[in-house]
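Have the sequence and the 3D view open side by side while you read. We'll take a tour, helices first and single residues after.

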Amino acid sequence: MTENGSRRFPIRYATQRWTDGKWLYGGLFVVGLVLIAFNLYQGRPIVSFVPVTVLCGAILVTFWLMQKFSYLEISDDGLRVRYLLRHLELPYTALARVRRQPLEVAFQPAERRRFVNRFVRRLGREPAAYIRLDRRQPDLVESAERKLGPRLVAGADIVVPIARVDEFVAEMKSRVRGQAS
């Protein structure tokens, strides 16, 4: 447990998007800056380079912010799932169990295959956290799917590829067991 009572585990979808994007859009941004500087030095117009450079910079900032605002947070009050602008706060009493499985298991049923994108394919064999919601609480699963989206919610499970999965699962199991007592 940290000093402030909460721990964050980054969601790997956003981390991977940032890692991929920083090289492509970062490279384009640097090239744009070099072309602007070179054309300013030569006394040529730079109007055609500015929109592309600004767009690449805006995309870079967007991916960086997406990475910063995509995480699972364990606190004393409960579990917070935040993915981009979506978020869900769950008390520990709303959780039935937490386990670790490969991400691809959640996308094996035919009705879930349409949610497979390149990030899911890349992380498919990697471990993910499967957070089972308590089915006895009415509207909890529907609320989770509405707030987080169908890619993160598979049936009664919230399926999230995160960094340090084993650490997360171990801590969550102790908290979920502690609430059941």
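First, some ground rules. This is a predicted model, where local features need pLDDT of at least 70 and side-chain atom pairs count only at pLDDT 80 or more, while totals for chains, interfaces and linings use all residues. Residues are numbered from 1 along each chain as its sequence is written, and side-chain values use heavy atoms, with hydrogens and water left out.

**The two helices**

Helices here are DSSP runs of H or I with at least four residues, strands are runs of E with at least two, and both are numbered from the N terminus. Start with helix 1, which covers residues 12-42. Its 31 residues should span 45 Å at 1.5 Å a residue, and the end C-alpha atoms sit 44 Å apart, which agrees. The expected span is 1.5 Å times one less than the number of residues. Helix 1 does bend, by about 35° at K22; that bend is the angle between axes fitted to the seven residues ending there and the seven starting there. Just past the end of helix 1, G43 has a positive phi of about 80°.

Helix 2 (50-68) has 19 residues and reaches 27 Å from first C-alpha to last, close to the 27 Å expected.

How do helix 1 and helix 2 cross? Their axes come within 8 Å and cross at roughly 155°. Axes here are lines fitted to C-alpha atoms, for helices over the stretch in contact, with angles from 0 to 180 degrees between N-to-C directions. The crossing is left-handed, so the near helix is turned anticlockwise from the far one by less than a right angle (clockwise would be right-handed).

**What's tucked away**

Buried means under 20% relative accessible area, exposed means over 50%, and partly exposed is in between (1.4 Å probe, protein chains only). In helix 1, the buried residues include Y13, W18, G26 and I36. Among the elements covering the buried residues of helix 1 are helix 2, strand 2 (70-74), strand 3 (79-83) and helix 3 (118-123). Helix 2 buries T53, C56, G57, L60, F63 and M66, and their cover includes helix 1 and strand 2.

An α-helix has 3.6 residues a turn, so residues three or four places apart point the same way.

| Residue | Relative accessible area | Class |
|---|---|---|
| R112 | 7% | buried |
| V120 | 4% | buried |
| L84 | 26% | partly exposed |
| R164 | 41% | partly exposed |

R112 lies in the loop between strand 5 (95-102) and helix 3. Leaving out residues up to four places away in sequence, R112 touches A106, F107, P150, R151, V153 and A154, where contact means heavy atoms within 4.5 Å. The C-alpha atoms of R112 and A154 are 7.9 Å apart, although 42 residues separate them along the chain.

V120 is in helix 3. With the sequence neighbours up to four places away again left out, V120 touches Y13, L103, F107, F115 and R151.

What about phi in L84? L84 has a phi near 60°, a positive value in a residue other than glycine. L84 sits in the loop between strand 3 and strand 4 (86-90). R164 also has a positive phi near 60°, and its place is the loop between strand 8 (157-160) and helix 5 (165-180).
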